[in-house]
Amino acid sequence: MAKITAAEVNKLRKSTGAGMMDCKKALVEAEGDFDKAIEVLRKKGQKVAAKRADRESSEGAAVAKVNAEENKGVAIVLGCETDFVGKNENFLQLASELGELALNYETKEEFLAADFNGMSVADKLVEQTGVIGEKLDINAFEVVKAPFVASYVHINKIAAVVGFSAKVDNAETLGKDVAMQIASMGATALSYKDLDPAFVASETEARIAEIEKGNIELERLGKTKKNVPQFISMSQITPEVMTKAEEDAKAELKAEGKPEKIWDRILPGKMDRFLSDNTTLDKEMCLLDQTFIKDDKKNVAEYVASYGEVNITEFKRVSLG
């Protein structure tokens with residue numbers, strides 16, 4: 001039997017992340033051959049991976065990386081089974097290294113086939129499954145390309161990357177703020193113009209039904225009922241709708257006995273309220289329409305516009321779970 005030195009065990013441990021005893025056993029089985037020992041550990045990983053294939057890898061680490069040119073960003077999730085492993089220093093280091101490597105690829109499939117220290121990323125995940133004893137997987141892989149790209153990661157749980165049409169003055173601040181907005185508020189579309197009409201129609205029906213049901217209970221309790229909106233997105237509000245809303249507002253002012261000469265001072269506020277009440281979906285799901293988290297007096301579109309000739313081109317958000 002080949003004599004296995006502590007230095008050889010340590011070298012294999014640093015290369016694979018496996019425990020000292022696992023490395024020693026692998027080297028003994030491989031009769032001191034380093035490459036064969038790695039293969040032994042990989043096969044162990046395959047066995048463990050096969051046993052744990054049906055497990056949920058809903059914990060882990062979300063990572064966002066931007067290249068040196070700041071024109072490409074990636075967001076990935078390295079998933080594992082438990083929060084304990086997800087917080088492990090070696091696991092987080094692996095996630096970071098995989099994120100850096102991911103910058104070189106356009107799809108998850110290309111990335112999994114890529115070389116990672118002598119083996120494919122897919123094989124590395126299998127190897128580490130054997131080392132850690134939990135299922136590891138790439139649960140998310142997103143790419144953003146633009147003239148300027150920024151990113152933000154929230155406590156390794158949520159990662160966001162966002163692209164802009166230009167790198168303007170103080171672009172780093174703009175980029176971080178918007179990426180933080182994406183991570184925090186969970187927008188799924190850039191603008192109301194990107195929402196699927198069928199989804200908007202279905203959501204409108206569901207939300208109105210929910211409010212009306214709640215109002216029955218509020219009325220029973222003698223409490224003020226909630227306003228039932230006609231719409232929930234700017235995508236539904238046509239010029240005809242706005243004209244009708246203005247006519248209704250004027251009729252209301254007349255019924256209240258307000259002098260017609262002061263209507264011009266009151267109508268803008270009523271129309272703003274109408275739009276606010278009837279665009280709730282946009283404020284929840286559409287990045288540009290969301291209230292800016294650092295200044296609730298403006299929306300994200302207004303905040304971006306304050307930096308000059310620049311627009312958001314696209315964004316991606318990934319999270320655990």
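In this predicted model, Arg207 is buried, because its relative accessible area of 17% falls under the 20% cut-off. The residue lies in helix 9 (residues 197-220). Beyond its neighbours within four places in sequence, Arg207 contacts Ile232, Thr280, Leu281 and Glu284.

Helix 8 covers residues 171-185. Its 15 residues should span 21 Å at 1.5 Å a residue. The end C-alpha atoms are 21 Å apart, in agreement with that value. Buried positions of helix 8 are Ala171, Leu174, Gly175, Asp177, Val178, Ala179, Met180, Gln181, Ile182 and Ala183. The cover over these buried residues includes two strands, strand 6 (148-154) and strand 7 (158-164). Helix 13 (300-305) and strand 8 (312-319) also contribute to it. Gly186 follows helix 8 and has a positive phi, near 65°.

A helix pair was examined next. Two packed helices are described by the angle between their axes and the distance between the axes. Helix 10 (residues 239-255) packs against helix 11 (residues 263-277) at an angle of about 130°, and the axes are 10 Å apart. Helix 10 is therefore oblique to helix 11. The crossing of the two helices is right-handed. On the helix 10 side, the contact is made by Val241, Met242, Ala245, Glu246, Ala249, Lys250, Glu252, Leu253 and Lys254. Helix 11 supplies Trp263, Ile266, Leu267, Lys270, Met271, Phe274 and Leu275. The residues of this contact comprise 11 nonpolar and five charged, with no polar ones.

Key: Residues numbered from 1 in each chain as written. Predicted model: local features only at pLDDT ≥ 70, side-chain atom pairs only at ≥ 80, totals over all residues. Heavy atoms only, no water. Helix = DSSP H or I, 4+ residues; strand = E, 2+ residues; numbered from the N terminus. Expected span 1.5 Å × (residues − 1). Buried < 20%, exposed > 50% of the residue type's maximum accessible area, 1.4 Å probe, protein only. Contact = heavy atoms within 4.5 Å. Axes fitted to C-alpha atoms, helices over the stretch in contact; angles between N-to-C directions. Parallel < 35°, antiparallel > 145°, perpendicular 65-115°, else oblique. Left-handed = near helix turned anticlockwise from the far one by under 90°. Nonpolar A, V, L, I, M, F, W, Y, C, P; charged D, E, K, R; others polar.
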